Amino acid sequence: MAADSEFHVLAVDDSIIDRKLIERLLKTSSFQVTTVDSGSKALEFLGLHEDDGIINTNTPSVSPNNHQEVEVNLVITDYCMPGMTGYDLLKKIKESSSLKNIPVVIMSSENVPSRISRCLEEGAEEFLLKPVRLSDLNKLRPHMLKTKIKDHQEPEKQDKEEKQQQPQSNNNNRKAMEEGISTEKIRPRLNGITAMV
Amino acid sequence: MDRNRLQHQVACMRRSLFDQGYLDEPFIQLEELQDDANPNFVQEIVTLFYSDSARLIQNIEHALNSRPIDFNKLDDYMHQFKGSSSSIGAKKVTNECTVFREHCSAENAEGCIRSFQQVKQEYAILRRKLEVYLQMVGQAAVSQTA
């Protein structure tokens with residue numbers, strides 16, 4: 001198990017330049033980094049196989065790390081990728097019982113409000129506009145810390161935690177808010193999860 | 001040439017690259033990410049940019065020469081090109097890519113062909129300037145103070 005100060009980030013981007021950049025940015029921020037060039041490779045790395053998303057949707061007692069080969073504390077992915085988009089990857093992660101607690105951050109070079117709100121609604125923690133700055137990465141650690149705390153609690157408490165920890169702080173989703181997107185309406189998904197328990 | 005003179009030249013050239021709009025803020029971030037542990041980071045990224053750009057330029061040329069023109073594919077390539085030039089702060093190149101994509105959306109073949117010439121031109125100019133600049137940076141780094 002990695003020390004608390006060592007978080008492992010999985011970065012996904014089909015652009016070799018952006019991969020190298022995000023890797024350097026993340027390492028400068030003291031994160032461990034793995035980079036892959038596609039959503040399917042990301043899922044492979046996370047240990048998710050195609051059918052895992054269908055079975056095991058209601059087993060909160062299963063350890064979150066059951067299917068993972070390596071512990072990943074956050075996934076940061078480009079939105080526009082051939083084949084599986086960052087949005088598709090986000091969906092697959094959030095639909096997986098073993099991976100859904102991993103925070104996901106989306107990056108995009110295009111500032112499209114509907115895209116941003118769609119990603120946030122699907123459970124992305126942040127939406128960052130490219131080129132990503134070093135200061136943007138300061139927002140990542142809180143999301144990873146949140147997950148570490150969650151992992152040590154009882155599974156039944158997890159859903160309460162999620163609701164209480166709605167990140168409505170002013171700095172989160174700054175770029176989304178600059179575009180006038182209301183963050184109040186996002187995350188209908190959480191209501192769905194409460195109903196499941 | 002002694003180090004101080006070289007460093008002064010480097011600073012002047014750097015300032016003009018920014019003042020004349022060839023480079024933008026993301027390039028500064030590249031420089032900031034370079035340190036003793038990663039002393040060639042800027043050159044590495046720039047080199048990647050050259051090879052990636054060469055690939056994309058070739059793909060775009062091929063797509064522009066095909067009949068009928070596949071504007072979706074063209075836009076896809078240009079989206080990638082715009083992305084990487086934006087990532088390194090290549091401002092003029094990025095702007096020309098934007099113009100190209102507008103012609104793509106309008107399915108304006110002539111417009112695409114014209115603006116692609118502009119893209120290639122700006123890219124060639126930037127590449128030349130960057131090569132000179134980074135060579136000077138390298139020289140200043142290894143030079144001695146007189």
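Analyst: A helix, as the term is used here, is a DSSP run of H or I of at least four residues, and a strand is a run of E of at least two, both numbered from the N terminus. The structure is a predicted model, in which local features need pLDDT of at least 70 and side-chain atom pairs count only at pLDDT 80 or more, while totals for chains, interfaces and linings use all residues. Residues are numbered from 1 along each chain as its sequence is written, chains are lettered from A and ligands numbered from 1 in the order in which they are written, and side-chain values use heavy atoms, with hydrogens and water left out.

User: In which helix of chain B is His79(B) placed?

Analyst: UniProt, in an unreviewed entry, assigns the feature "modified residue: Phosphohistidine" to His79(B). UniProt positions follow the numbering used here, feature names are shortened, and annotations may be inferred rather than shown by experiment. The helix that holds His79(B) spans residues 71–88 of chain B and is α4.

User: Is His79(B) buried or exposed?

Analyst: Buried means under 20% relative accessible area, exposed over 50%, and partly exposed in between (1.4 Å probe, protein chains only). His79(B) has a relative accessible area of 15%, so this residue is buried.

User: With which residues is His79(B) in contact, leaving aside its neighbours within four places in sequence?

Analyst: Contact means heavy atoms within 4.5 Å. With the neighbours within four places in sequence set aside, the contacts of His79(B) are Cys80(A), Ser109(A), Glu110(A) and Arg101(B).

User: What does the annotation "domain: HPt" cover in chain B?

Analyst: Chain B has six helices and zero strands, which follow one another as α-α-α-α-α-α. Within the annotated stretch, the chain is 87% helix and 0% strand, with the end C-alpha atoms 17 Å apart. According to the unreviewed UniProt entry, "domain: HPt" covers residues 38–140.

User: Which residues are linked by ring pairs into a cluster?

Analyst: Rings of Phe, Tyr and Trp (its six-membered ring) pair if their centres lie within 6.5 Å; planes under 30 degrees apart count as stacked, over 60 as edge-to-face and the rest as tilted. Over all chains the structure holds six aromatic pairs. One of them joins Phe49(B) and Tyr50(B), which are tilted, with 6.5 Å centre to centre and 45 degrees between the planes. The cluster linked by ring pairs consists of Phe49(B), Tyr50(B), Phe81(B) and Tyr123(B).

User: How many residues apart in sequence are the parts that the pair of Phe49(B) and Tyr123(B) ties together?

Analyst: Phe49(B) and Tyr123(B) form an edge-to-face pair, 5.8 Å centre to centre with 70 degrees between the planes. Phe49(B) belongs to helix α3 (residues 41–65) and Tyr123(B) to helix α6 (residues 109–142) of chain B, so the parts tied together by the pair are apart in sequence by 74 residues.

User: At what distance from the ring centre of Tyr50(B) does Arg127(B) lie?

Analyst: A charge sits over a ring if NZ of Lys or CZ of Arg is within 6 Å of the ring centre and within 35 degrees of the ring normal. Tyr50(B) is buried, with 8% relative accessibility. Between the chains, the charged end of Arg24(A) sits over the ring of Phe41(B), 5.9 Å from its centre. For Arg127(B), which lies over the face of Tyr50(B), the distance from the ring centre is 4.1 Å.

User: How are α2(B) and α3(B) oriented to each other?

Analyst: Phe27(B), Leu30(B), Glu31(B) and Leu33(B) in α2(B) meet Phe41(B), Val42(B), Ile45(B) and Val46(B) in α3(B). Helix α2 (residues 25–33) and α3(B) pack at an angle of about 130 degrees, with their axes 7 Å apart; axes are lines fitted to C-alpha atoms, for helices over the stretch in contact, and angles run from 0 to 180 degrees between N-to-C directions. Angles under 35 degrees count as roughly parallel, over 145 as roughly antiparallel, 65 to 115 as roughly perpendicular and the rest as oblique. The orientation of α2(B) and α3(B) to each other is therefore oblique.

User: What is the relative accessible area of Lys129(B)?

Analyst: Lys129(B) is found in helix α6 of chain B. With the neighbours within four places in sequence set aside, Lys129(B) is in contact with Met13(B), Leu17(B), Gln20(B) and Tyr22(B). Lys129(B) is partly exposed, and its relative accessible area is 27%.

User: What percentage of the residues in chain A is buried?

Analyst: Chain A has eight helices and five strands, in the order β-α-β-α-β-α-β-α-β-α-α-α-α. Among the 197 residues of chain A, the buried share is 51%.
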